[in-house]
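These are my notebook entries on one structure.

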Amino acid sequence: MAQFYSAKRRVTTRQIITVTCNDLDSFGQGVARHNGKALFIQGLLPQETAEVIVTEDKKQYARAQIKRRLNDSPDRVPPRCPHFGVCGGCQQQHASIDLQQRSKSAALSRLMKNEVSEVIADAPWGYRRRARLSLNYQPKTEQLQMGFRKAASSDIVDIRHCPILVPQLEALLPSVRACLNNLQGARHLGHVELVQAGSGILMILRHTVAISAQDREKLERFSHSEGLALFLAPQSEILEAVSGQTPWYESDGLRLNFSPRDFIQVNEGVNHKMVARALEWLDVQAGDRVLDLFCGMGNFTLPLARRAASVVGVEGVPALVEKGRENAQQNELHNVTFFHENLDEDVTRQPWAANGFNKVLLDPARAGAAGVMQHIIKLQPARVVYVSCNPATLARDSEALLRAGYNIQRLAMLDMFPHTGHLESMVLFTCE
């Protein structure tokens with residue numbers, strides 16, 4: 001058969017090269033230099049030399065796989081999880097916590113063009129209080145797979161242990177597996193979500209076919225024997241409470257009720273420290289008027305209200321606004337009001353903004369807060385605290401404040417997700 005040359009086809013030989021890693025990026029990939037560009041190598045740590053095979057060669061960077069590691073870094077540690085390297089949940093269990101925090105702080109510092117003043121961290125293991133486990137029935141074995149997705153794949157890793165889960169959830173895995181395997185409708189289950197709340201453990205079960213009376217009875221018995229709240233989800237937008245009380249968690253000593261589908265920070269220890277540090281950075285005084293944007297159900301809003309003269313929480317999701325109001329009433333906080341607004345529009349024109357605000361906190365989603373930065377500047381607050389789950393959008397949004405005369409006073413890396421590539425942070429801006 002004749003073969004024709006295509007100018008678009010790039011033929012590369014899988015040549016073995018020897019490189020030394022000199023850095024770790026925030027995603028846990030080793031970084032070396034080869035042919036004048038960055039070479040990313042999963043599993044290689046700084047100070048380690050390895051024989052690698054280049055698997056992807058782009059104009060600005062390349063990727064490689066390790067064929068043979070020639071030495072070990074002082075920061076290399078044995079992974080605690082037997083699924084590490086296959087499960088897509090963690091990327092950095094082979095690196096010491098110190099190295100993980102240093103590399104993430106360095107990445108944040110480069111993006112923000114500012115030194116990281118502190119790392120806000122808590123226990124590196126047993127920290128995750130929420131987990132969503134995929135379910136997949138295997139007809140050949142008549143068994144249910146339960147676990148997380150493999151890295152870069154839709155296949156499921158059948159999880160038996162997960163040392164980043166809070167101990168109560170990890171201990172529950174075997175009995176949840178046994179219960180679900182024993183259901184007649186096991187083949188029609190989508191996923192199970194486990195949450196450790198202040199009120200106890202919640203289990204949310206997604207099913208695609210109506211649950212039989214017999215299966216429902218088994219699930220109810222299981223929820224009572226394990227002392228957990230059970231919720232069924234026949235569709236993504238429907239949630240049926242079967243047993244247990246309304247879930248809640250604590251923030252700054254306040255009790256916040258939430259729906260099982262509501263967002264709550266999965267790392268309780270870091271959340272407590274983050275809220276405390278935000279209050280400290282804002283230096284909230286008894287006469288302050290504070291605006292909390294993207295406020296959710298009040299994780300920051302209600303602690304702010306315990307200290308300020310008045311607080312306004314603004315959120316784009318109506319259900320969360322209502323939950324915030326309920327939580328304020330439950331905690332007998334009468335100087336806080338919640339509003340549902342489109343945060344891409346100019347909120348400073350709203351009647352509740354007429355008196356202005358001297359301090360602002362914002363905690364947006366990954367897309368950031370580009371639409372509200374000019375409105376914050378218009379309010380001319382003395383202090384702004386920006387809590388971020390995406391350093392790229394934080395860097396983008398910060399430019400607006402810096403151009404308006406604000407300065408970065410403090411920059412913290414939040415180690416919310418140890419052993420993973422997630423990088424969260426918090427910045428204090430001041431204007432003199």
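Entry 1, pairing. I took two strands as paired if DSSP finds at least two bridges between them. The model I examined is predicted. I looked up strand 11 (residues 189–197) and strand 12 (residues 200–207) and found them paired in the antiparallel sense over eight bridges. Within this pair I noted His 191, which stands opposite Arg 206 in strand 12.

In what order do the seven strands of the open sheet run? I read the order as 10-9-8-11-12-13-14, and the pairing is mixed. Strand 10 (156–158) and strand 14 (240–243) are the edge strands, each pairing on one side only. From one strand to the next, I found that the twist averages 35°.

I then turned to helix 2 (residues 167–181), which lies across strand 8 (130–138), strand 9 (143–149), strand 10, strand 11 and strand 12. The helix runs at about 150° to strand 11.

How many disulfides does the model hold? I recorded a count of zero, with the cut-off for a pair of cysteine sulfur atoms set at 2.5 Å. For Cys 295, the closest cysteine sulfur is that of Cys 389 at 16 Å, so a bond is ruled out by distance. Cys 295 counts as buried at 6% relative accessibility.

Note on methods: Residues numbered from 1 in each chain as written. Predicted model: local features only at pLDDT ≥ 70, side-chain atom pairs only at ≥ 80, totals over all residues. Heavy atoms only, no water. Helix = DSSP H or I, 4+ residues; strand = E, 2+ residues; numbered from the N terminus. Axes fitted to C-alpha atoms, helices over the stretch in contact; angles between N-to-C directions. Contact = heavy atoms within 4.5 Å. Buried < 20%, exposed > 50% of the residue type's maximum accessible area, 1.4 Å probe, protein only.
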